[in-house]
Amino acid sequence: MSGLARRLGGIPWREIAGEAFSRVFLVAQAVCAVHVVNAHVCSFALVMGPSMLPAMNLAGDVVAVDRVSARLGRVASGDAVLLVSPEDPRKAVVKRVVGMEGDAVTFLVDPGNSDASKTVVVPKGHVWVQGDNIYASRDSRQFGPVPYGLITGKIFCRNPGLSLYLYLSEPTFFYPFAPEFIEDGMHILRFL
Amino acid sequence: MGTRNHLWLAAKRTLTWYLVGFTISDRYATVVSVTGDSMHPTFTAASSSLRGDVVLAERSCLQKYQFSHGDVVLFKCPSDHRELFVKRLIALPGEWMQLPGTPDIIKIPEGHCWVEGDNAACSWDSRSFGPIPLGLIKGRVTHVIWPPSKIGRVDTKMPENRISPL
């Protein structure tokens with residue numbers, strides 16, 4: 001019994017605890033760094049559904065979201081943005097900003113069925129968002145202008161992985177002075 | 001070489017604690033200073049942020065967006081996304097509510113809520129800008145932590161007979 005106690009006493013508990021704490025802290029630090037980058041700098045999102053056809057696929061597209069410009073107020077009409085749905089705060093949706101505050105927006109009330117259109121002036125601090133596919137999108141035409149504060153990010157790149165792959169696989173990237181490779185590359189790109 | 005090493009270490013440590021603090025304030029709880037007189041009996045009416053109350057706002061309620069009547073919430077102003085407001089939550093999505101001062105009864109749309117200041121006489125709230133989307137809410141105020149005379153929980157209280165039991 002005393003041998004067991006001596007052996008237990010011989011284990012460097014203090015060092016083990018210190019080591020464990022520093023490892024856990026390292027992991028926590030990494031998690032925090034990921035959170036901060038994800039929430040305030042740049043993140044990725046998977047976009048699905050028909051409302052942004054043809055800019056984004058029906059079956060799902062990975063998009064890169066820029067969080068900085070949304071926070072600094074650098075979103076302008078024409079940008080595709082990620083925003084918290086005003087109808088369900090747990091849902092994020094992707095739409096295109098069509099009008100900023102003070103703009104007059106004209107839209108078809110019931111596209112495909114009638115030609116009736118309506119014009120609305122966007123109030124202060126709000127934006128008018130619409131899906132690119134006006135026939136299958138629930139957007140400002142139903143729920144009205146949304147407060148700018150709901151915008152969580154601006155989409156700056158669709159399929160970042162594919163774009164990077166195409167950019168890197170373009171032969172000019174590796175062989176800037178080899179004309180025959182450029183010729184080949186163009187062929188490949190056309191084929192794609 | 002020694003001083004450069006020291007500087008590098010200090011910078012690394014600062015960055016680490018900054019990241020950790022930022023994450024905690026984003027996900028769990030944050031500290032905000034409240035100014036203005038719209039919440040007067042609950043928080044001190046103060047014009048500068050030095051004399052205002054400092055409050056603790058929890059963020060974990062944002063995971064599920066479950067609030068109850070009478071909660072004091074922190075939200076982005078619907079007409080200016082840079083401003084944060086503190087008001088009391090009066091009505092939740094889908095409820096019928098009587099507009100103050102009128103016999104009208106309105107239904108709060110899905111995903112929206114109705115917020116009002118405690119000091120009805122000088123408060124700019126849902127009575128002027130209507131129901132706000134829940135997505136604008138950035139936290140729930142739970143405690144006052146400064147000045148020392150007011151330290152304690154912020155109680156949830158509700159004006160009587162506002163929500164119609166329809």
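Start by selecting residues 107-146 of chain B: this stretch is 10% helix and 45% strand, with its end C-alpha atoms 37 Å apart. Keep in mind as you look that the model is predicted. In the UniProt record, an unreviewed entry, the annotation "domain: Peptidase S26" covers this segment together with residues 12-96 of chain B.

Next, pick out strand β9 of chain B, residues 137-146. Which strands can you find pairing with it?

- Now bring in strand β3 (residues 72-77) of chain B, which pairs with β9(B) in the antiparallel sense over three bridges. Here B:F75 stands opposite B:I137 of β9(B).
- Finish with strand β10 (residues 152-153) of chain B, antiparallel to β9(B) over two bridges. Five residues lie between β9(B) and β10(B), and the two strands form a hairpin.

For the last stop, bring both chains into view. How many residues of chain A are in contact with chain B? There are 19, and they meet 18 residues of chain B. Color helix α2 (residues 13-40) of chain A: with six residues, this helix gives the largest share of the side of chain A that touches chain B. By type, that side of chain A divides into 10 nonpolar, five polar and four charged residues.

Terms used
Residues numbered from 1 in each chain as written. Chains lettered and ligands numbered in written order. Predicted model: local features only at pLDDT ≥ 70, side-chain atom pairs only at ≥ 80, totals over all residues. UniProt positions renumbered as here; feature names shortened; annotations may be inferred. Helix = DSSP H or I, 4+ residues; strand = E, 2+ residues; numbered from the N terminus. Contact = placed C-beta atoms within 7 Å. Nonpolar A, V, L, I, M, F, W, Y, C, P; charged D, E, K, R; others polar. Pairing = 2+ DSSP bridges.
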